[in-house]
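Open the model in your viewer and keep the sequence panel beside it. This tour goes stop by stop, telling you what to select and what is there.

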Amino acid sequence: MNSHPYVAHLHWNGSTAAGIRSYSRDHVAVAPPAAAEVALSADPAFRGSPERLNPEQLVVMAASSCQMLSFLGAAARAGIDVLAYDDQAVSHLDLTAEPARLATIRLVVTVKVAAGTDEAKVQELSEQAHHECYIANSLSVPVEVTTTAVTA
């Protein structure tokens with residue numbers, strides 16, 4: 001198969017009749033065949049609910065998750081025993097950019113590997129994963145990855 005479709009269904013209801021400051025930013029989305037509903041809103045700075053995820057967070061999370069999945073696949077193919085993977089992913093909304101956009105997404109990864117694992121190989125696999133990551137390849141915003149390997 002040369003293509004994989006991805007579908008999302010989003011729903012909002014309410015009223016915008018009272019103007020920009022009054023309508024709810026809360027909405028829900030599903031992505032079949034997954035049954036889980038995701039409760040979303042705008043960033044709290046834009047009158048959204050802080051208890052719900054916002055689209056900007058989803059983009060950062062998607063970049064982080066894709067890098068991890070690409071890395072784990074590369075490590076498994078290379079015979080590297082990865083025991084844990086943690087990422088502190090961050091970006092910020094640059095409102096001075098034209099048009100406004102997320103700035104560089106920085107992924108600060110710590111990979112726990114089995115004792116005796118070559119740390120240079122871990123770095124090589126991290127770079128390979130970054131080049132293979134579908135999400136990073138799809139974004140116009142840069143994604144930077146810093147990987148630290150620790151042994152068990």
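Which residues line the largest pocket? Select Tyr6, Tyr134, Ile135 and Ser138 to see the lining. Keep in mind that this is a predicted model. The volume of the largest pocket is about 180 Å³. Now colour the lining by class. You get 3 nonpolar residues, 1 polar residue and no charged ones. Show a probe surface here if your viewer has one. Rolling a probe the size of a water molecule over the atoms shows where empty space is left.

**Next stop: the sheet**

Switch to cartoon view and find the open sheet of 3 strands. The strand order is S1-S2-S3, and the pairing is antiparallel. Which strands stand at the edges? Select 9-11 for strand S1 and 38-40 for strand S3. Each has a single partner strand, so one side of each lacks a neighbour in the sheet.

**Walk along S2**

Select residues 27-30, which form strand S2. Start with its pairing to S1. These two strands run antiparallel and are joined by 3 bridges. One place to look is His11, whose bridge partner in S2 is Val28.

Now turn to S3. S2 pairs with S3 over 3 bridges, again in the antiparallel sense. Val28 has Ala39 as its bridge partner in S3. Pick His27 next: its bridge partner in S3 is Leu40.

**Last stop: the cysteines**

Select Cys66. Is Cys66 buried or exposed? Its relative accessible area is 11%, so Cys66 counts as buried, the cut-off being under 20%. Move on to Cys133. This residue has 1% relative accessibility, and so it is buried too by that cut-off.

How many disulfides does a search of the whole structure find? The search gives 0 disulfides.

Conventions:
Residues are numbered from 1 along each chain as its sequence is written. This is a predicted model: local features need pLDDT of at least 70, side-chain atom pairs count only at pLDDT 80 or more; totals for chains, interfaces and linings use all residues. Side-chain values use heavy atoms; hydrogens and water are left out. A disulfide is a pair of cysteine sulfur atoms within 2.5 Å. Buried means under 20% relative accessible area, exposed over 50%, partly exposed in between (1.4 Å probe, protein chains only). On a 1 Å grid over the protein atoms alone, a cavity is a set of points where a 1.4 Å probe fits but cannot get out, and a pocket is an open set with protein on both sides within 12 Å along at least five of seven lines; lining residues have an atom within 4 Å of a point. Grid points are joined across faces, edges and corners, and a volume is the space filled by probe spheres set on the points. Ala, Val, Leu, Ile, Met, Phe, Trp, Tyr, Cys and Pro count as nonpolar, Asp, Glu, Lys and Arg as charged, and the others, Gly among them, as polar. Two strands pair if DSSP finds at least two bridges between them. Helices (H or I, at least four residues) and strands (E, at least two) are DSSP runs, numbered from the N terminus.
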